[in-house]
Amino acid sequence: ARGVRQVVVVGAGLAGLGAVQRLRGTDSGSVRLLEAASHPGGRVRTRPFGLAEMGAHWIHGPSPGNPVFCLATRYGLLGPEAAREENQRAEAGGHPSLPSITYGSSGRALSPQAVREAHDLFDTLLASARDFRGAEKPPAPSVGQYVRTEITRRVPLAILATCLKLECCISGTHSMDLVALEPFGEYISLPGLDCTFPGGYSRLPERMLSTLPEGTVLLNKAVRTIQWQGSFREEGDNARDYPVRVECEDGDTFLADHVIVTVPLGFLKERHQDFFQPPLPERKAEAIRRLGFGTNNKIFLEFEQPFWEPQQQLIEVVWENESPLEKPSTDLKANWFKKLIGFVVLQPPEHGHVLCGFIAGKESEYMETLSDAEVLSTMTHVLQSAPTGNPLLPTPRSMLRSQWHSTPYTRGSYSYVAVGSSGDDIDILAQPLPEDPKDPRPLQLLFAGEATHRTFYSTTHGALLSGWREAERLNQLLEPSRGSEGQK
Ligand code: 6YU
């Protein structure tokens, strides 16, 4: 007998927490979840600033096929709207649709009809961009180039420029020219009208953590290296050796038979060469390099009083002189704020009058380098000119923003399938190591996290399902006879 298998899970986001909840056949004390941050949740993070969601905002497609929706419902974390069956059946095409108003950069409200027509055109183009799955010769390499060649001068180009920027936020990329066209249709949108967590998204990882035996999760425990294919022994115990040794930044070490790695793709891109010893096989390293991982940030502004109408939930901003057919400015210092697509009004107003701006790409990364005061003053200027045309608009009372690119254990927002990569790269990333299925010490390294889910990448449900998938892979090894019965 080899004794109790030791399992280490790295990262307490939804993938890591989900994996630990699903693991069977391990004794208490034989599973450790190591998290670099001082809190669980990873890219699910609510701050008490009008319940600001710094990361994930919505449950995309809240319906019975969505495991985040099911878990949140089981924990009683969702509001009555989300529970309605009509909401769960509604096909929203993957985009949260909110009652909106659109302002030009000169301060005038744009004609709702012109905005609707441009959005309809854009949505039609984007829907057709999903039809090239398997096409041997797609008409363009990227989603951005395809959309641009389909656009004619008949439509309000400036509005379409905003649509493309919004799409950059959704795909978490600098430009839709970086998003590959052929695999674009592989991402699956689940039915259901996107919903939020009335008490904050963080309630979900907090509840998940509370179900685990005490001592399983170690916070402030950043992993520095993972040595695998080795033969490691605990001091004073010669009877047992382990193939994997996990070393933390604080010098603590954990020996393991299996490690489930759920760190974000952004972290892997930056650190995989020295994080794994020996380094990952070239196929996996290539997949890490090829797949896309960009930045999408939020800027929250709190006001004494709302200047918007109560029914408005989205305030879109259009830079009137822009066109998606022209090269965007590379002068980040002068123009970074023009990448902002506008603001979502946070609900309910009882938590404060808070607007949440969305900004993606290099401009978003530049924003992270500015001081709070600089961001606040630029945002105030944008609001005074565009949505209100009122230079006397009171400045926001306070400001909070996410800085996902500078967050050392994340290094961006979420993954996308970049030009030059394909869904196969996602599967390669997800493959356990060692690669040889006959290796006497199988499943030393397993990989989970949103970037490892081929059809639900970039979402919380993709992350959760990936954690379950890897736990199940281990369950099959540790207790093959039990199959998948008894799952929660
Ligand atoms: C969703 C949404 N949403 C906005 C923004 C962001 C994201 N997402 P984690 O990072 O959570 O966990 C890993 C942990 O590992 C972490 O805690 C680290 O600290 C730790 N770690 C790292 N290194 C370590 C080390 N060395 N040692 C120890 N620990 C270490 N998803 O469903 N709805 O509204 C949004 C949004 C600004 C940043 C989102 C949304 C993405 C999710 O947040 C994300 O996927 C999961 O939380 C990741 O969980 P995880 O466990 O994998 O990693 C066609 C096509 C289109 C494609 N896209 C369409 C979908 C649109 C996605 N939309 C997003 C939009 C918003 C607003």
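Author: A pocket here is an open set of points on a 1 Å grid over the protein atoms alone, with protein on both sides within 12 Å along at least five of seven lines; a cavity is a set where a 1.4 Å probe fits but cannot get out, and lining residues have an atom within 4 Å of a point. Points are joined across faces, edges and corners, and volume is the space filled by probe spheres set on them. This is a predicted model, in which local features need pLDDT of at least 70 and side-chain atom pairs pLDDT 80 or more, while totals for chains, interfaces and linings use all residues. Residues are numbered from 1 along each chain, and side-chain values use heavy atoms, without hydrogens or water.

Let's start with the second largest pocket, which holds about 890 Å³ of space. Its lining is made of 30 residues, and Glu322, Glu326, Lys327, Pro328 and Ser329 are the closest to the centre. Two or more lining residues come from each of helix H6 (143-150), helix H7 (157-171), helix H11 (332-335) and helix H12 (361-369); helices are DSSP runs of H or I with at least four residues, strands are E runs of at least two, and both are numbered from the N terminus. H7 is the main contributor, giving 4 residues. By class, the lining has 12 charged residues, along with 9 polar and 9 nonpolar ones (Asp, Glu, Lys and Arg are charged; Ala, Val, Leu, Ile, Met, Phe, Trp, Tyr, Cys and Pro are nonpolar; the others, Gly among them, are polar).

H7 also leads us to the ligand. Together with helix H1 (14-22), helix H9 (265-275) and helix H15 (460-478), H7 supplies at least two residues each to the shell around the ligand. That shell counts 46 residues, and Glu35, Arg43, Trp58, Arg130 and Thr460 come nearest; a residue belongs if one of its heavy atoms lies within 4 Å.

Now for the polar contacts, pairs of N or O atoms within 3.5 Å. The side chain of Arg43 places an N or O atom 2.7 Å from an oxygen atom of the ligand. Val223 uses a polar backbone atom, 2.8 Å from a ligand nitrogen, and a backbone N or O atom of Glu450 is 2.8 Å from a ligand oxygen. Of the 1,300 Å² that the ligand exposes when taken alone, the protein buries 97% (Shrake-Rupley areas, 1.4 Å probe).

Finally, some backbone details. Gln277 and Pro278 are joined by a cis peptide bond, with omega about 0°, and Pro278 sits in the loop between strand S11 (276-277) and helix H10 (282-290). Another cis bond joins Leu433 and Pro434, with Pro434 in the loop between helix H14 (423-430) and strand S19 (445-447).

Definitions and conventions
Polar contact = N/O pair within 3.5 Å; in protein donor to acceptor, adjacent residues only side chain to side chain.
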